[in-house]
Amino acid sequence: MTLMDDRTSGNHVGRSLRRKEDPRLITGQATYVDDINITGLLHAAIVRSPEAHAKILSIDASAAMARDDVHAVYTGEDMADLLAPLPMAWAPDGVEVHNPEHWPLARGEVKHVGDPVAIVLGTDRYAVIDAAEDVLVEYEPLPVVTDIEQALEPGHALVHEQFGTNEVHKWSLGGGDMEAGFAAADVIIERRVVNHRVSGAPIEPRGVLADYKAGAITVHTSTQVPHFVRLFMGLMLGISEERVRIIAPEVGGGFGAKLQVTGEEMLCAWASRKTRKPVKWIETRSEHMATCHHGRDQIATVRLGAKRDGTLTAMHADIVADMGAYLMLLTPTIPSLGAFVMGGVYKIPAITTDITGVFTNKCATDAIRGAGRPEATHMVEVCMDQLADELGMDRLELRRKNFIPKEAFPYETALGIVYDSGDYHAALDLLMEKLDLPALEREKEELAAKGIRRGIGFSTYTEICGLAPSRVTGPAGFGLQTGLWESAIVRVTVTGAVTVYTGTSPHGQGHETTMAQVVADKLGVDPQNVEIMHGDTGTGAMGLGTYGSRTTAVGTESVARASDKVVEKAKAIVAHALEAAPEDIELRDGKFSVQGSPDKGMTLAEVSGMAHVRPELLPEGMAPGLDETSFYDPNNFVFPFGAHACVVDVEEDTGKVKVVRYVAIDDCGPAINPTIIDGQVHGGIAQAIGQALYEHVMYDEDGQLVTGTFVDYALPTAAELPSFETDRTETPSPVNSLGVKGIGEAGTIAASPAVLNAVVDALRPLGVTYLNMPLSSESVWNAITEGSRA
């Protein structure tokens with residue numbers, strides 16, 4: 001696709017403009033936390049537990065303190081002045097959630113490998129790491145819980161004795177008559193669907209630099225949610241919120257791993273206040289793998305019922321989800337997010353999801369790219385293929401038969417969720433145009449003769465995103481203890497340059513470019529003259545951060561609305577200056593002019609100059625300046641959708657799976673920047689293929705992490721992936737004025753079932769009819785061997 005850079009037309013939305021962010025990022029001019037230094041700072045190293053579950057009998061820091069370059073060593077008991085433990089933000093009505101206190105440093109017991117027990121501060125970064133090894137901690141090992149199904153058995157060892165159970169909570173969402181739905185079914189399939197534990201593994205691990213001065217604190221941290229960090233830091237430290245400033249510089253990728261209020265942020269802030277010195281901590285990769293929250297880790301029993309002609313009648317998912325040892329910011333909410341779209345793109349008259357959260361002696365789980373939606377889509381799409389096989393029906397015919405038709409939108413599902421818009425047939429039709437399925441089927445026979453089995457897998461999906469509507473997500477609804485609105489400020493300077501302050505906090509998605517494109521079209525200016533400011537709670541707008549594919553649908557909509565207010569004021573100023581009616585003023589080719597008289601008008605710079613320099617010329621009662629604010633809380637989520645196909649070749653002799661082709665059709669509403677959409681889809685697909693084939697966070701039965709480095713945790717590289725083929729349909733959402741939906745998680749949500757279905761399709765002639773991820777060479781070879789024996 002050609003990268004457009006035409007700044008003269010004024011029509012920037014829909015064009016693939018080059019990303020404004022890229023020059024600083026690709027030339028090494030960007031600023032990350034570790035690039036920031038303050039005179040007199042202390043470096044921090046954290047002493048972490050090698051035990052998965054143990055009592056702390058004693059901590060001896062004398063050897064560490066004897067070092068000349070060590071300033072202090074603190075333990076959990078030293079931090080007794082904290083006013084609250086780390087937050088968990090979900091408290092739904094009628095649901096009992098066992099939430100143990102979770103402190104930045106462990107008190108009395110450690111609950112998982114990597115649990116922090118002490119912090120060492122010193123003047124040299126590497127010396128404090130050595131000093132941390134001199135801190136001697138005596139442990140008394142306790143029984144370890146690692147298997148979530150065994151953890152629920154009576155008499156099993158407990159992670160938290162005070163609850164008398166390893167069950168965290170139970171939560172259900174259902175609609176329709178389940179009993180009647182399954183009674184009406186001619187065929188009911190049941191599958192055990194495993195969605196294993198993964199790491200977000202961003203290119204840059206986490207980092208924190210805290211600086212406490214004169215009763216106020218400034219913290220640079222690699223976070224997706226600076227305003228959340230500010231709120232909870234103030235509450236935990238007892239500092240008024242306006243005296244806490246959180247700055248997220250370049251984050252280096254997040255994928256949900258930095259959607260968190262972390263113990264390390266609070267540790268550094270507390271230590272800076274204690275020592276009256278700046279404190280910096282930079283995470284190592286092995287620390288990240290062990291202690292930054294993981295994702296997925298669910299086992300579901302899924303039942304899907306249908307009539308003999310393929311009409312779906314009911315679906316039930318019974319999910320057991322590993323929460324880990326502690327509940328972090330959103331830990332118990334994650335499986336529930338998938339429940340809202342458990343029916344996928346299909347008309348299913350009865351749907352129920354039952355969720356049981358379970359404590360284990362592992363690092364906590366929380367949001368990782370997709371957050372509950374990939375797990376739900378995997379269940380639905382894998383079981384659709386399994387049902388088609390049971391019925392002897394074509395996989396695509398079964399899907400088409402049960403699609404929600406485009407004329408039915410907005411469509412209320414059996415769960416009471418209202419899908420905003422969709423055209424699922426169009427997406428699948430376009431996919432089939434790109435795919436050439438008959439040719440692929442012909443190649444199967446040729447490859448089989450060479451010991452290579454080709455498979456083709458499909459996934460037709462929708463997702464719930466644009467996380468925002470406070471009436472649904474907030475305390476009176478789903479139970480999050482905050483609304484999820486966004487705000488924006490659009491400010492035009494005296495000379496006509498535009499600065500936009502957004503409460504969202506992008507970290508690589510290209511929002512500085514797409515927001516500038518929207519504002520440029522609204523105001524009739526060059527996108528290069530629009531500066532997007534984000535990630536700093538001390539300047540500009542408030543907001544709730546970037547996650548859940550919400551920044552465009554909620555944050556950019558807020559920016560658009562603030563821009564509309566600027567245009568409205570500008571038209572009033574121009575109308576007054578030209579002695580015309582405001583409704584007769586139009587913005588065309590960068591100039592505000594009277595309709596029909598394009599030569600008689602004012603540019604935005606001229607309007608702003610008047611508003612700032614000659615306020616006496618403004619309409620009576622109008623305030624000076626050209627600066628508007630907008631808060632936006634949508635009335636519904638948005639629901640992107642699409643159709644993906646994966647083509648794999650599987651070696652019979654080794655079980656090795658190679659993805660040879662991947663085609664993705666996605667619909668996120670009208671495209672603001674097609675190239676940025678493609679980039680987001682590419683990254684999402686790569687992450688899902690990684691989970692399906694390679695990535696797996698693994699613990700042994702003693703709770704020891706065995707995938708603590710990239711030597712053991714296999715991330716896919718370009719060598720393992722094909723060039724993705726992408727295209728899109730465009731179905732506007734009626735929820736916002738831009739018609740847009742999210743795209744950042746689409747590839748991750750859609751791809752894993754497409755990969756798994758492709759592998760099963762390849763191996764079905766060998767007697768393999770079902771598999772679970774991860775599809776390692778060993779597991780696939782074992783399945784081939786067992787299938788051949790059968």
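I count Ala, Val, Leu, Ile, Met, Phe, Trp, Tyr, Cys and Pro as nonpolar, Asp, Glu, Lys and Arg as charged, and the others, Gly among them, as polar.

**Entry 1: the model.** I note that this is a predicted model, in which local features need pLDDT of at least 70 and side-chain atom pairs count only at pLDDT 80 or more, while totals for chains, interfaces and linings use all residues. Residues are numbered from 1 along each chain as its sequence is written, and side-chain values use heavy atoms, with hydrogens and water left out.

**Entry 2: the second largest pocket.** I looked up a pocket, meaning an open set of points on a 1 Å grid over the protein atoms alone, with protein on both sides within 12 Å along at least five of seven lines; a cavity is a set of points where a 1.4 Å probe fits but cannot get out, and lining residues have an atom within 4 Å of a point. Grid points are joined across faces, edges and corners, and a volume is the space filled by probe spheres set on the points. The second largest pocket has a volume of about 520 Å³. Its lining has 27 residues, and A45, I46, R48, I129 and E287 are the closest to its centre. By class, I find 16 nonpolar, six polar and five charged residues in this lining. Strand β1 gives the most, six residues (strands, E, at least two residues, and helices, H or I, at least four, are DSSP runs numbered from the N terminus).

**Entry 3: the cavities.** I searched the whole structure and found seven cavities of 30 Å³ or more. The largest cavity has a volume of about 170 Å³. Among its 18 lining residues, H102, H112, P116, T291 and M328 are the closest to the centre. The lining of the largest cavity divides into eight nonpolar, six polar and four charged residues. The second largest cavity holds about 70 Å³ of space. Its lining includes R206, K258, E264 and W281. Elements β9 (207-213) and α7 (263-275) each give two or more residues to that lining. The classes there are two nonpolar, six polar and four charged.

**Entry 4: D761.** I located D761 in helix α19 (residues 746-763). Is D761 buried or exposed? D761 is buried, because its relative accessible area is 12% and buried means under 20%, against over 50% for exposed and in between for partly exposed (1.4 Å probe, protein chains only). The side chain of D761 reaches the backbone nitrogen of I456 at 2.9 Å. Beyond its neighbours within four places in sequence, D761 is in contact (heavy atoms within 4.5 Å) with R395, K444, R454, G455 and I456.

Technical notes: A polar contact is a pair of N or O atoms within 3.5 Å; within protein, one must be able to donate a hydrogen and the other to accept it, and residues adjacent in sequence count only if both atoms are side-chain atoms.
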